[in-house]
Amino acid sequence: MALKFVSYKACPFVQRVAITLQYKDVDYDIEYIDLGNPPDWFLSISPLKKVPIMIVDDTVIFESVVINEYIDEAYPPTLQPKDLLLKAINRSWVEFSNNISLYTFQLTIKEGKIDFESTLEELLDDFDRVEEYLWAEPFFNGKQFSLVDASYAPIFQRLNYLEQIYKPIIEKDRYPRLTNWKDNLLSLKAVKESTVAEIQNLYYQLLWTRQGYISNYLSEKEYGKRPTKKLY
Ligand SMILES: N[C@@H](CCC(=O)N[C@@H](CS)C(=O)NCC(=O)O)C(=O)O
């Protein structure tokens, strides 16, 4: 089975699939595209015009959650719990991560301080829910790494980058279990090797390109004259 993974370097949805591939040590080819100027071949095969897509032999699958479940089942042993109810709960929290991922993205585009801070509050409220649920360590289900872990790690990585220019976001006093979980995930080899090496700089470049409120925490000296706002 040949896997061709179509990606964008800074995409958190791409990264959650890359983490699963890395963790399972699966062989794959990767092609990065420029989402600001997507190639025609990509537009013609990606139903939502979004990355990631995975081309399995000649078949295209899309949506990161679905791709991750496919990889998980096609390359055993599974990273999902055997117990059906626990597996459903895992899926629920993966779904919940999509919401958090959206807030994390919105933090990069909100223009004013008030909008930025209210998005941050919504994100923190979601993290309160996760903190209430978390019961295991080092990973979401305990010793066994899972697709839930793969889904949250890209979010934690980006928030970690934001914290380095802004101020603490996931504070240990409010989120003791979440903080441990985040640290355990960010130190994992499969997570570290799931992006291009220059991801942190690329992420800051993207903040600069998007020109949201948070870009005020980057300096013109380093990133050049303020550009016209773009998403990618
Ligand atoms: N629900 C999708 C979301 C994927 C997504 O939003 N990808 C972004 C890049 S991070 C994208 O391709 N955006 C292009 C566009 O919206 O035109 C998934 O989980 O795969």
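I looked up where the ligand sits: the space it takes is the largest pocket. I note that the model is a predicted one.

Next I listed the surroundings of the ligand. I found C11, P12 and F13, then L35, then the run K49, K50, V51 and P52, and finally E63, S64 and Y232. I sorted this shell by class and got seven nonpolar residues, three charged and one polar.

I then checked which atoms of the protein face the N and O atoms of the ligand. For S64, an N or O atom of the side chain is 2.6 Å from an oxygen atom of the ligand. For Y232, a polar side-chain atom lies 2.8 Å from a nitrogen atom of the ligand. V51 takes part through its backbone, with an N or O atom 2.9 Å from a ligand nitrogen. I also looked up the cover: the ligand taken alone exposes 510 Å², and the protein buries 75% of that.

How many cavities of 30 Å³ or more does the structure hold? I counted one. The volume I noted for the largest cavity is about 90 Å³.

Its lining has 14 residues, and E69, Q80, V94, L147 and V148 lie nearest the centre. By class I recorded six nonpolar, five polar and three charged residues in this lining.

Which helix gives the largest share of the lining? I found that α4 does, with four residues. At least two lining residues each come from α3 (64-74), α4 (84-109) and α6 (147-165).

Note on methods
Residues numbered from 1 in each chain as written. Predicted model: local features only at pLDDT ≥ 70, side-chain atom pairs only at ≥ 80, totals over all residues. Heavy atoms only, no water. Near = heavy atom within 4 Å. Polar contact = N/O pair within 3.5 Å; in protein donor to acceptor, adjacent residues only side chain to side chain. Areas by Shrake-Rupley, 256 points an atom, 1.4 Å probe, with all protein chains shown as cover. 1 Å grid on protein atoms, 1.4 Å probe; cavity = no way out; pocket = protein on both sides within 12 Å on 5 of 7 lines; lining within 4 Å. Sits in = over half its atoms within 2 Å of the grid points. Nonpolar A, V, L, I, M, F, W, Y, C, P; charged D, E, K, R; others polar. Points joined across faces, edges and corners; volume = space filled by probe spheres on them.
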